[in-house]
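Colleague: Please give me a close look at how residues pack in this model, with every cut-off spelled out.

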Amino acid sequence: MSVTRYAFSTTLLTNGKVLVVGGSGDATLASAEIYDPGTGTFSAAASMPNSRRSHRAVRLGDGQVLIIGGMGSISSDYPTLVRRYDPATNTWSTAGSLTTGRTSHTVTLLADGRVLATGGSASNYSGLASCELFNPATGTWTSAAPLSVARVGHSATLLPSGKVLVVGGNAAASAELYDPATNTWSATSAPLRARRFHEAFLLQDGRVLVAAGEDPGTFELPTSTEIYDPATGSWTPAGALSQARKQQAGVLLSSGKALLFGGYASNYLDSIERFDPATGTWSTVSPLLRRRGNHGTALLSGDKVLLVGGLSTSPMGGSAELYMEENTCIPTTCAESGKDCGTLSDGCGGTLICGGCASGQYCSDDNVCTVGSNGNAHYDALLQAPRCTENGALCDSIGLLVGRSGLGPEPHAPNTLAGSSCSDGNLGTFHVYASLDRLKVSTLDGTPLAPGKQVRIEATVWANSTSNKLELYLTTNVNAPSWTYITTLTPSGTGAQTLSTTYTLPSSATARYALRGAFRSDGQTGPCSSGYYNDHDDLVFPVSSVSGDLPPTVALTAPAANAQVQGTVLITADATDDEGIARVEFYLDGQLLGTDTRAPYTYSWATQNSANGQRQLQAKAYDSIGQEAVSSRQVQVLNHNPVPTSAILMPSSGQWTADLLSIQARGSDDTGVTLLEVYVDGTVIHSSTSSFVNFSWSTSGLSEGSHTMFSRAYDAAGQMGESALVYFFVDRTAPVATITSPQSGSTVQGVVTVTVDATDELGINTADVVLVGRNTTIAPSNNSSPFLFTWHTQSYANGTYTLQARARDWAGNQGLSTQVQITVANSTQPSGGATYDSTRKAPGCTQAGVASCDSGSLLVGRATLGPESNAPNTLYSSCQDGTAGSFHADESLDRLKVSTLDGTALAAGKTVRIEATVWAWSASGSDVLDLYYAADANSPSWAYLTTLTPSASGQQVLSTIYTLPGGALQAVRGVFRYGGSPGSCVTGSYNDHDDLFFAVQ
């Protein structure tokens, strides 16, 4: 792809192409790309109007694609607007809006064409039980019946009955069924264990296979899998995975088998496991080329699987790869067909080259073994090109080269030495555009091919222009080819024709030569030139042997005999042969580790996958006719287990910064950490030989937006452990704030609404309005738009005040508005506004004869959190506040007011109401307000009054009544605490204590 992506969507379009949308890379992405299986390339598609990641995509019945939910460029942005992509016009449009933004949800195309969205996580990180339905006919979303419990990271599977099976999520082990016909949910039996972020496959017999993911309670990664049977509503165990995993991707093949690709355990994985419903078991197949997690997949025709993007142990770029399931067809054999030799279809879409003729015989045109040699080639899987085995007067590729790179019947394309050493162009149409279809080399005198012999080279081509060129090359070393130019031939017209030339075979110490034809319609000259219509083919033929067929020699050169090894070790071997080495195989205790076909012959051995103790290594070298040589030695594996662990301690995931980040990372290992690395966006920013690092790092080199961080710890054995990903956000641009109402110069009275317009490209965290010169706010901060503030002007003396709005983004950048001048002109002067008493260290009202005393905004906040001046605001600073948490995210007592019920003056024996404005973190009963009173504020002895509990989280007013005792200067105290027991002064990290004193007649 053009960019790095993870947490994106992949959708198979009706034309067989794949739409890739959004995700995260260096930032949250709006871009889209399309993969074309015909060309094997990605091309740009129209970008979405807004960026998003961790969304869901579904293809509608008309072929258009919906992009639903997910997250925007900042962690608090959960877009509700649904986007629709039309492949026919490459355009985006809107498709209604969700009621609730959501991520980690599911979307399911129902049998009637509607789309069901279930559960997920909301912008405040709470789980959702709500569900919504999209009707393509009207383009609108409506509410559906809710789930029985909130679910995050669950699965949803459309059953053959038309019902939807929802399994797991953050809830305990449970499942339920949705019936679209009645818009109802019903319970079904619970799965055998709780799991989330797993895979669910609808098997061909209607059962549902559930595998992988993590336990939401213990965070374990289960290897167990299970199957749900809709007919009985019951769950039964299935085979176990060999590798537990999360962040995997799953695909169900047309054969009915299921595949799990990659994922994350203690590290990103390249392993693939396949489930066979016939046996109920999982098996491991050849691994991915790259370790991948949080990647995308799409099932292409022919059971090919596109795997694209994701996260890995090293930068991924836009990498993609294709997984091709092995051919499950059982081909016809030559014996079953009655053929002894020649070429025939194997019945599985391939070509079978039949052998069986004795030495000195060849296969005639009627598939009969005949004395002599007609020089027909067969495909050599080792050389990956057509090859004649017996030395004779000619060598002919016959029908093995007809076509080009998937165009035409050519099997084993590209049919060049070392397989992928030279690929063909893949554009055009078979026998409309250029292709090289046959190569033949023969002696002029009818004697066997040999050095110094004059030969005729014939090439059958299909030409689409007289500008096509055929270049011929020869090599005398098929294992390490170095091509010698022979000549260039030009077609005389279009269509099929045979071009030829004569050439004298050079002398060589080897017994096999190779001829290459490079047929091009564009591009540069050379034995391997790129071009959309170019075709390259090789033909290997024997020449009269100049030396005997001696067996190869091989010697293991590393590691040393009886060496102690740990971590990843490079095994090396030297191998020689008179005709060249075909391959070197490396074995551990008789089990094949790997193969190398090119010198220097090496294999990287991950010794940590082998048990400690004495092990035998072997290198086996093979020549072109299968002769072998073996070299063996013993080594000692001494690894330390387990592998190291690593963790990012700071910053926490979701943290914002304008510049410096405080970073802490830790590594741990039983034998000690030798290296600890910290990565940002896949690049090392800090490394240390210590097991703990604590440093500040400037983000000035990063773009604004989302970024990732992880750490790696290494031990002396070279084993590595990687931390989980931490996401952080960079924002250097200050918000813009404007007071839009009231206008500067206005005169106001009573209760006034102050309106602020605050904007920031990555979102506003909080906004407030301050009285310039007084360092106080007129109301608690607001954290959601529209930003409205209630100003009780009765608490202030008549006169002119200067207001200024402040807006803060999530990184702490602050923007100030232009100051506005407002005149307060209330008809009666307030008498109950408290002022701070620097002697008593608390707010109070010393004027007797008033009906109330109100702290106003003097108590807003707690300790150093918020605008509260003169904290802790307890009489004579007798009780301190907790300092943990964040302003108006965690607990604070913001206001106290005492007033008579009948509106007369505060006096002994009067019934009064205490009103306390609090900011509650939770309504679960963990936050409570204890109220106390004292008859003498100068020497308070606190009497317990009552305990009140908030009914919701956020700002609210709690109140109670009591009778004033005797005393000229009295006080009340509020203790807003998180947990613990009642007391007039109790210690707690989130506790807030505030006093208010007042004169009594």
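Modeller: Happy to! Contact here means heavy atoms within 4.5 Å. Under that rule, and not counting residues up to four places away in sequence, L958 touches I914, E915, A916, V918, L929, L948, T949 and P950. Before going on, please keep in mind that this is a predicted model, where local features need pLDDT of at least 70 and side-chain atom pairs count only at pLDDT 80 or more, while totals for chains, interfaces and linings use all residues. Residues are numbered from 1 along each chain as its sequence is written, and side-chain values use heavy atoms, with hydrogens and water left out.

L958 belongs to strand 75 (residues 954–963); helices (H or I, at least four residues) and strands (E, at least two) are DSSP runs, numbered from the N terminus. L958 is buried, as its relative accessible area is 9%, where buried means under 20% relative accessible area, exposed over 50% and partly exposed in between (1.4 Å probe, protein chains only). L858 lies 100 residues away from L958 along the chain, and their C-alpha atoms are separated by 18 Å.

You will find S631 in strand 49 (residues 628–637), and its relative accessible area of 12% makes it buried. Its side chain reaches the backbone nitrogen of L556 at 3.0 Å. For reference, a polar contact is a pair of N or O atoms within 3.5 Å; within protein, one must be able to donate a hydrogen and the other to accept it, and residues adjacent in sequence count only if both atoms are side-chain atoms. L556 is also in the contact list of S631, together with V554, A555, L617, Q618 and A619, once neighbours within four places in sequence are left aside.

Now the nonpolar packing. In soluble globular proteins, nonpolar side chains tend to be buried together. I call a nonpolar core a set of buried Ala, Val, Leu, Ile, Met, Phe, Trp, Tyr and Cys residues joined through side-chain atoms within 4.5 Å. The largest one has 29 residues, of which V441, I457, L470, L505 and F541 touch the most other members. Two or more of its residues come from each of strand 35, strand 36 (454–463), strand 37 (469–475), strand 38 (484–489), strand 39 (495–504), strand 40 and strand 41. Strand 36 gives the largest share, five residues. With neighbours within four places left aside, L470 is in contact with L436, A459, V461, T487, T488, L489, L499, G517, A518 and F519. Another core lies apart from this one, with 25 residues that include L896, I914, L964 and L996.

Next, the sulfur links. Counting a disulfide as a pair of cysteine sulfur atoms within 2.5 Å, the model has four. One of them joins C422 and C528, with the sulfur atoms 2.2 Å apart. The torsion about that S-S bond is about 110 degrees, so the link is right-handed. It joins distant parts of the chain, 106 residues apart: C422 sits in the loop between strand 34 (394–396) and strand 35 (435–443), and C528 in the loop between strand 40 (512–520) and strand 41 (535–542). C422 is buried at 1% relative accessibility, whereas C528 is partly exposed at 40%. C388 and C395 form another disulfide, S to S 2.0 Å; this link is right-handed at 95 degrees, and both C388 and C395 are buried.

Finally, a hairpin. Two strands pair if DSSP finds at least two bridges between them. Strand 9 (residues 106–109) and strand 10 pair in the antiparallel sense over four bridges, with L109 having V115 as its bridge partner in strand 10. Five residues separate the two strands in this hairpin, and G113 in the turn has a positive phi of about 95 degrees. Strand 10 also pairs with strand 11 (residues 131–135), in the antiparallel sense over four bridges, and there L116 has L133 as its partner. In a regular strand the side chains alternate between the two faces of the sheet. In strand 10 (residues 115–118), V115 and A117 point one way and L116 and T118 the other way, and all are buried.
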